[in-house]
Amino acid sequence: MEHTAPKHPKFVRWALLIGIVVILNVFFFVIESIAFPTPDYQTYCPMPTTQAQDAKTCDTQGGIWTEYPPQPQSVTAPAKAPAGYCDYTAICQPKYDAALAQQHLRGFILMTVLGVVALLIGLVPLGSSIVSSGLSYGGVVALVFGSIQYWGDAGNWLRLAISAIALVALIWVGVKRFKD
């Protein structure tokens with residue numbers, strides 16, 4: 001007597017496939033957040049406990065003082081307004097942005113490697129077309145999310161290279177996976 005595996009409804013197969021894609025990418029993002037945590041803004045731009053009221057205090061607190069334009073004098077003005085304000089982020093923000101761009105680059109590289117590995121494992125017959133397809137599609141989604149994360153920090157030539165590599169990879173997977 002021959003034993004055959006039961007056929008599952010299509011919606012169950014699709015649910016499993018989508019679940020693999022989503023959870024695989026959640027898993028990848030958790031790995032990324034552990035390996036390359038997002039820089040803490042307060043580390044780069046700590047806010048002082050008291051606001052600077054003059055240029056000298058602002059400078060000692062690591063900010064840049066900006067004078068307000070002169071205001072016409074009014075007889076009814078009850079109190080003197082501050083002469084300017086201290087911009088605490090002018091010096092530290094570029095350092096934080098550079099650290100964030102570095103984290104995005106590392107995340108992009110990690111997601112690309114994990115996505116390619118998932119794609120390659122998905123091309124290997126594992127005994128279940130749903131699992132293989134879920135890994136393949138999950139790898140593609142990881143490549144997309146990794147690229148999106150880094151896209152704003154990448155230059156035009158790098159964007160072109162990322163797009164070309166992704167297109168070639170997708171065509172290659174399509175030819176290998178779906179032979180007519």
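This is a predicted model: local features need pLDDT of at least 70, side-chain atom pairs count only at pLDDT 80 or more; totals for chains, interfaces and linings use all residues.

Me: Fine. How many helices and strands does the chain have?
Reply: The chain has six helices and two strands. Read from the N terminus, the elements follow the order α-α-α-β-β-α-α-α.

Me: And what share of the residues counts as buried?
Reply: Of the 180 residues in the chain, 26% count as buried. The chain exposes about 12,600 Å², and carbon and sulfur atoms supply 68% of that area.

Me: What about contacts between residues at least 6 apart in sequence: what percentage join residues at least 24 apart?
Reply: Among those contacts, the figure is 69%.

Me: Now the inside. Which residues make up the largest nonpolar core?
Reply: That core has eight residues: L24, F28, L110, M111, L114, A118, L135 and A142. The elements that give two or more residues to it are α1 (10–35), α4 (89–123) and α5 (129–151).

Me: Which element gives the most?
Reply: Helix α4 gives the most to this core, with four residues. Apart from this core lies another one of five residues, including C58, W65, C86 and Y88.

Me: Then the outside. Which residues form a nonpolar patch on the surface?
Reply: The patch is formed by W14, I18, V22, I23, V26, V30 and I34, which together have about 700 Å² of accessible area.

Me: Take I18. Where is it, and why does it count as partly exposed?
Reply: I18 is placed in helix α1. Its relative accessibility is 47%, so I18 falls in the partly exposed class, between 20% and 50%.

Me: Changing topic: is Q103 buried or exposed?
Reply: Q103 is buried, because its relative accessible area is 8% and the limit for buried is under 20%. This residue is found in helix α4. Leaving aside neighbours within four places in sequence, Q103 is in contact with E32, F36, P37, T38, P39 and Q149.

Me: And the aromatic rings, how many pairs are there?
Reply: The count comes to six aromatic pairs. In one of them, the rings of F27 and F28 have centres 6.4 Å apart and planes at 45°, so this pair is tilted. F28 counts as buried, at 5% relative accessibility.

Me: What kind of pair do Y41 and Y96 form?
Reply: Y41 and Y96 form an edge-to-face pair, with 4.9 Å from centre to centre and 80° between the planes. The pair links distant parts of the chain: Y41 lies in helix α2 (residues 41–44) and Y96 in helix α4, 55 residues apart.

Me: How do Y41 and Y96 stand in terms of accessibility?
Reply: Y41 counts as partly exposed, at 27% relative accessibility, whereas Y96 is buried, with a relative accessible area of 12%.

Me: Last one: which residues do ring pairs link into a cluster?
Reply: Ring pairs link Y41, Y44 and Y96 into a cluster.

Methods
Residues are numbered from 1 along each chain as its sequence is written. Side-chain values use heavy atoms; hydrogens and water are left out. A nonpolar core is a set of buried Ala, Val, Leu, Ile, Met, Phe, Trp, Tyr and Cys residues joined through side-chain atoms within 4.5 Å. Buried means under 20% relative accessible area, exposed over 50%, partly exposed in between (1.4 Å probe, protein chains only). Contact means heavy atoms within 4.5 Å. Accessible areas come from the Shrake-Rupley method with a 1.4 Å probe; for residues, only the protein chains shown count as cover. Patches are made of residues with over 30% relative accessible area and no salt bridge: like charges are joined within 9 Å, nonpolar side chains (Val, Leu, Ile, Met, Phe, Trp, Tyr) within 5 Å. A salt bridge is a side-chain nitrogen of Lys or Arg within 4 Å of a carboxyl oxygen of Asp or Glu. Rings of Phe, Tyr and Trp (its six-membered ring) pair if their centres lie within 6.5 Å; planes under 30 degrees apart count as stacked, over 60 as edge-to-face and the rest as tilted.
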